[in-house]
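Please open the structure in a viewer and keep the selection panel at hand.

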Amino acid sequence: MAFSSKQRSRILQTMGEKKYDLLVIGGGITGAGIALDAVSRGMTVALVEMQDFAAGTSSRSTKLVHGGLRYLKQFEVKLVAEVGRERAIVYENGPHVTTPEWMLLPIYRGGTFGKWSTSIGLWLYDRLAGVKQSEQRTMLDARQTLEKEPLLKRDGLIGGGYYVEYRTDDARLTIEVIKKAVELGADVVNYTKAEQFLYDERGRTIGARCRDMVSGSVYDIRAKKVVNAAGPWVDALRDKDGSKTGKRLRLTKGVHIVIDQKRFPLKQAVYFDTPDGRMVFAIPRDGKTYVGTTDTFYDDDPAHPTMTEEDRDYLLKAIRFMFPSVGITAADVESSWAGVRPLIYEEGKDPSEISRKDEIWTSPSGLITIAGGKLTGYRKMAETVVDLVAKQLEQEEGKTFLPCQTKQLPISGGNVGGSHRLPAFIAEKAEEAVRYGLTREAGARLARQYGTNVDRLFALSQQYDRSSGLTRETFIRLVYAMEEEMAVKPVDYFIRRTGALLFDINSVRREKEAVIAFMAQYFGWTEEETAAHRGELERELHQAVLSK
């Protein structure tokens with residue numbers, strides 16, 4: 001029960017009584033990666049997140065663990081090499097949440113990429129990223145390109161590049177990394193805000209005063225080292241530390257829209273030019289096609305970025321430009337998501353020109369901040385941060401720790417025997433599901449989403465009560481989310497534990513009342529609390545369609 005939402009208060013009480021080697025502030029993919037790296041080396045680790053895990057940038061990305069082909073245009077060769085190599089590591093450590101996806105880059109007369117530059121760029125990309133033979137790029141002529149994706153604009157098409165990216169469920173990737181850290185002994189809690197830092201008599205950070213945003217209780221969590229991995233909020237924490245000098249963040253907003261495949265029957269993931277020269281992705285997933293991302297400077301509350309009419313119309317215009325036969329309109333947009341990128345400010349640069357490189361800053365108080373970076377590079381970023389922490393603890397305390405262990409460490413649910421074993425594993429579990437009252441299709445879905453943790457969900461099927469008003473599959477997902485993934489609110493379940501609000505919004509509308517009622521009974525919510533959670537979910541549903 002070390003990661004049950006019912007145990008949050010007990011976990012926080014324990015955290016207030018211990019002294020850790022490391023306190024991580026921020027439960028997005030960066031903080032999650034740092035916690036896992038540190039605990040796997042033998043450090044005692046605490047992590048607090050003021051919202052839900054992955055609620056910020058780490059559930060609002062393009063959902064690609066990609067090598068950043070466009071960074072070659074900016075001559076970010078080292079960045080491409082590093083994150084390109086990381087893709088395969090992320091995939092092997094969690095093949096149930098990351099999967100290879102062939103990407104088509106159509107080439108048009110006068111477009112961003114010419115045929116020669118695309119061929120050279122993709123060849124260089126393969127070499128830099130160490131791409132295996134079976135996934136190396138091929139160049140296509142116009143006919144072959146249209147065979148891959150018949151919906152593409154034909155006018156001016158001269159060919160295409162065909163190469164592999166990796167599609168991921170960003171929120172579930174984050175949660176599986178956190179669950180692995182918890183399994184190895186980390187103490188982790190969500191909805192807990194670091195309100196102020198604790199200092200010793202020399203002015204060195206020795207922890208943080210943290211507020212449980214659910215109960216209002218306050219806990220002092222002490223640690224020898226504190227890492228600020230708060231993503232869009234890193235500058236707010238540097239402010240609290242009195243150390244926001246020199247470099248700072250510049251937030252940019254990215255929006256994605258989701259359209260049913262019946263209206264936009266895309267066969268193939270495509271990376272394409274927009275009329276203004278930017279590039280966006282169109283990706284088929286689970287019977288939907290999603291398109292994004294926009295890239296605009298953002299100065300509002302990073303906790304609640306939303307799609308505007310302007311954002312939506314920009315993406316609709318891009319779709320009509322590249323897929324003119326489809327005739328997509330605003331009425332076809334089923335849902336959307338918006339997120340902010342915490343980039344490091346560079347004077348005079350447009351949003352899409354600012355580097356995605358990460359940087360580490362150490363303040364006079366010893367607070368370590370990790371800023372910038374990309375989803376793909378999370379494991380490597382974590383390794384760099386924990387190397388620094390280990391070095392400092394060795395110098396100051398004489399303690400030694402193992403070197404980085406995460407290169408071949410499966411995340412929670414990922415121990416299927418390697419990516420090549422995943423299809424057979426899913427097939428086995430699809431058959432096994434029938435014994436638990438589930439269909440083969442449901443079994444395959446659950447195995448693909450939860451990996452080796454699917455056995456825990458199957459076991460929960462024996463507790464299923466039809467009178468709950470939930471389907472058997474929803475029941476086991478929901479109970480598992482609360483008892484083993486610290487889901488606290490309906491929005492946690494519908495957005496970050498299942499992705500349903502993004503990719504199956506009608507199921508959310510269908511199931512929301514039964515889910516809210518079940519959670520209310522499970523947690524013992526008052527009528528007021530139940531109404532507040534219902535209101536929060538309704539706002540998310542409204543904003544997914546359009547923020548006026």
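**Before starting**

This is a predicted model, in which local features need pLDDT of at least 70 and side-chain atom pairs count only at pLDDT 80 or more, while totals for chains, interfaces and linings use all residues. Residues are numbered from 1 along each chain as its sequence is written, and side-chain values use heavy atoms, with hydrogens and water left out.

**Stop 1: helix α17**

Select residues 527-545, which form helix α17. Helices (H or I, at least four residues) and strands (E, at least two) are DSSP runs, numbered from the N terminus. Helix α17 has 19 residues and spans 28 Å from its first C-alpha to its last, close to the 27 Å expected at 1.5 Å a residue. That expected span is 1.5 Å times one less than the number of residues.

Next, colour Thr 530, His 533, Leu 537, Leu 541 and Ala 544, the buried residues of α17. Buried means under 20% relative accessible area, exposed over 50%, and partly exposed in between (1.4 Å probe, protein chains only). Viewed down the axis of α17, these buried residues fall within an arc of 80°, so they line one face of the helix. The arc is taken from the directions from the helix axis to the C-beta atoms.

Which exposed residues does the face turned away from the buried side of α17 carry? They are Glu 527, Glu 528, Arg 539 and His 542.

**Stop 2: the largest cavity**

A cavity is a set of points, on a 1 Å grid over the protein atoms alone, where a 1.4 Å probe fits but cannot get out; a pocket is an open set with protein on both sides within 12 Å along at least five of seven lines; lining residues have an atom within 4 Å of a point. The largest cavity has a volume of about 230 Å³. Of its 17 lining residues, Arg 60, Ser 336, Trp 337, Ala 338 and Glu 540 are the closest to its centre. A volume is the space filled by probe spheres set on the points, and grid points are joined across faces, edges and corners.

**Stop 3: the second largest pocket**

Select Asp 286, Arg 445, Gln 449, Arg 477 and Thr 498, which lie nearest the centre of the second largest pocket among the 31 residues that line it. The elements giving two or more residues to this lining include β4 (98-108), β6 (157-168), α10 (422-433), α11 (440-450) and α13 (472-484). About 920 Å³ of space lies in the second largest pocket.

**Stop 4**

Asp 212 is in strand β9 (residues 205-212). Is Asp 212 buried or exposed? With a relative accessible area of 1%, Asp 212 is buried. Show the side chain of Arg 8 as well: a polar contact of 2.8 Å joins it to the side chain of Asp 212. A polar contact is a pair of N or O atoms within 3.5 Å; within protein, one must be able to donate a hydrogen and the other to accept it, and residues adjacent in sequence count only if both atoms are side-chain atoms.

Leaving aside neighbours within four places in sequence, the residues in contact with Asp 212 include Arg 8, Ser 9 and Tyr 191. Contact means heavy atoms within 4.5 Å. Move on to Tyr 191, in the loop between β7 (187-189) and β8 (192-199). Tyr 191 counts as buried at 6% relative accessibility, and its phi is near 50°, a positive value in a residue other than glycine.

**Stop 5: further backbone features**

Select Lys 63, in the loop between β2 (45-48) and β3 (64-65). Lys 63 has a positive phi of about 60° although it is not a glycine, and it is buried, with a relative accessible area of 3%. Then go to Thr 293, in the loop between β14 (288-292) and β15 (296-297). The peptide bond from Gly 292 to Thr 293 is cis, with omega near 20°.

**Stop 6: Lys 115**

Finish at Lys 115, in helix α4 (residues 115-129). Lys 115 counts as partly exposed, at 34% relative accessibility. The side chain of Lys 115 reaches the backbone oxygen of Ile 158 at 3.3 Å.
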